[in-house]
Amino acid sequence: MSDLDRAIAQLRACRPIPEPQVRELCYKARELLIEEGNVVGVDAPVTVRIHTIPALRLALMNGLQICGDIHGQFHDLMELFRVGGDVPETNYLFMGDFVDRGFYSLESFLLLLCLKVRYPDRITLIRGNHESRQITTVYGFYDECLRKYGSANVWRYCCEVFDYLALGALVMGASNTLGTSTSTSTNESGTQLTEEEEIEIEILNSAGDVMSRIPRSMAASSDNHETVNSSPLSETSRGAPARSGPVGTGATSDSLGSVGNPGGAVLCVHGGLSPLVETVDKIRLLDRKQEVPHEGPMCDLLWSDPDEIEGWGLSPRGAGFLFGADIVKLFNHRNNLSLIARAHQLVMEGFKEMFDASIVTVWSAPNYCYRCGNVAAILELTEDGSNGGYIPRANGDVNRTGDLLGPVAAGGQISGPGRRYRVFEAAPQDSRGMPAKKPVADYFL
Ligand SMILES: [Mn+2]
């Protein structure tokens, strides 16, 4: 067993590793991260279906799991891995805010970092607004390091890693349809779905049971945007949407089904968009290797939030901006994106699709701060090979071909990638230690 594997085992048991080992780990992580661009390219893995060999099927079923804020809730991170599948069998993309608020920022971040160094192709980490010196001194991570090591050295090593984390990720090749999941094909209303029917959204509970499925025909609904919006009933009908999809999906809000570019890439970023960033390529040109600035494009990507406004608005957070549906749709169209996945905001249902499913918030810290009572979710994207393995899509060199005359412009079928949400609750109480009674680490004594 290598030192790294030993460190992983120790951290999985929620025990901090010695300071010299943290130093070495952070050095290795930086060497790895420095090679990544500001926007990391990630492939949605091919989902293999082997119905006859259950064990193998489980190992191969999982697509890319996209996760939101963790905030030092170590035991819930373990629950997340249980629900989504373990590394390295499953690929993960974490959209930042690993630290602060929870009691185990150190163990959570170091475990993710160990996994990154051990399995670089299996795990992608992008930066959140909490991965910053200034924020961590206020919201807990700094104090936690001081308490657990007796000095700020480990905090300093971690902050140096923060400066090298990517600002975003571009998921290529996500399938428009979901492969059939492991569970029985019965949706909420008890309708048996045929395997051939295209599922756009599937929601699973933590046991992997399907809670609901939304076929593409319903999610990308026939609902004509123009007609509904111009209807005098549109305002009143907002409170009682006709469609009966589950909470969190565009099917229940005032969203009218997805209007993304089918086959387009999925952009993942912690906060959101910036008025100073019109294209994904512009993100690539930023100099990211620094503390998160107080303003400017890098700050906005980590701090902004979508909101029910037109255009841009001031953010009550004091950093970043609010941006409306028009901004998201234009950005997605211009960059040939099918969806923006972001984190940064607590949503009680664990995920929330907005603006005709052009953007989704994913939140992965259940019972946030150990008292919010929310559930958490992770978003799975797959490439299931049912279309011969390939679908028309952006090749990463987005916005260079001028090829925006896809199905959207042509007035054809409009749809986003197949999305599987795994919803989970906080880890059971008996899996947690008592943080207050945890003995002080003795490395420094
Ligand atoms: Mn955040």
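Two strands count as paired if DSSP finds at least two bridges between them. In this pairing, Arg 342 has Thr 361 of E14 as its bridge partner.

Before going on, a word on what you're looking at. This is a predicted model, where local features need pLDDT of at least 70 and side-chain atom pairs count only at pLDDT 80 or more, while totals for chains, interfaces and linings use all residues. Residues are numbered from 1 along each chain as its sequence is written.

Back to E12, which covers residues 337–342 and has 6 of its 6 residues buried. "Buried" means that 20 or more other C-beta atoms lie within 10 Å of the residue's own; 12 or fewer makes it exposed, anything in between is partly exposed, and the C-beta atoms are placed from the backbone. E12 also pairs with E8, again in the parallel sense, over 5 bridges. There, Cys 268 stands opposite Ala 341 of E12.

Zoom out and these strands belong to an open sheet of 6, with mixed pairing and the order E1-E5-E8-E12-E14-E13. Its edges are E1 (39–43) and E13 (351–354), each pairing on one side only. From one strand to the next the twist averages 20°, using axes fitted as lines to C-alpha atoms (for helices, over the stretch in contact) and angles from 0 to 180 degrees between N-to-C directions. At the E1 end, E1 and E5 (residues 168–172) are parallel partners over 5 bridges, with Val 39 opposite Gly 168.

What about the packing? The largest nonpolar core has 109 residues, and Ile 66, Val 171, Cys 268 and Val 362 have the most contacts inside it. Such a core is a set of buried Ala, Val, Leu, Ile, Met, Phe, Trp, Tyr and Cys residues joined through C-beta atoms within 7 Å. Helix H5 (residues 105–118) is the biggest contributor, giving 9 residues. As a rule, nonpolar side chains in soluble globular proteins tend to be buried together. Take Val 171: beyond its neighbours within four places in sequence, it touches Val 42, Ala 44, Leu 64, Ala 265, Val 266, Cys 268 and Leu 381, where a contact means backbone-placed C-beta atoms within 7 Å.

E10 runs antiparallel to E11 (residues 321–323), joined by 3 bridges, and Leu 314 faces Phe 321 of E11.

Overall, the protein has 15 helices and 16 strands, and 50% of its 445 residues are buried. Of the contacts with a separation of 6 or more, 75% link residues 24 or more positions apart.

How values were computed
Helix = DSSP H or I, 4+ residues; strand = E, 2+ residues; numbered from the N terminus. Contact = placed C-beta atoms within 7 Å.
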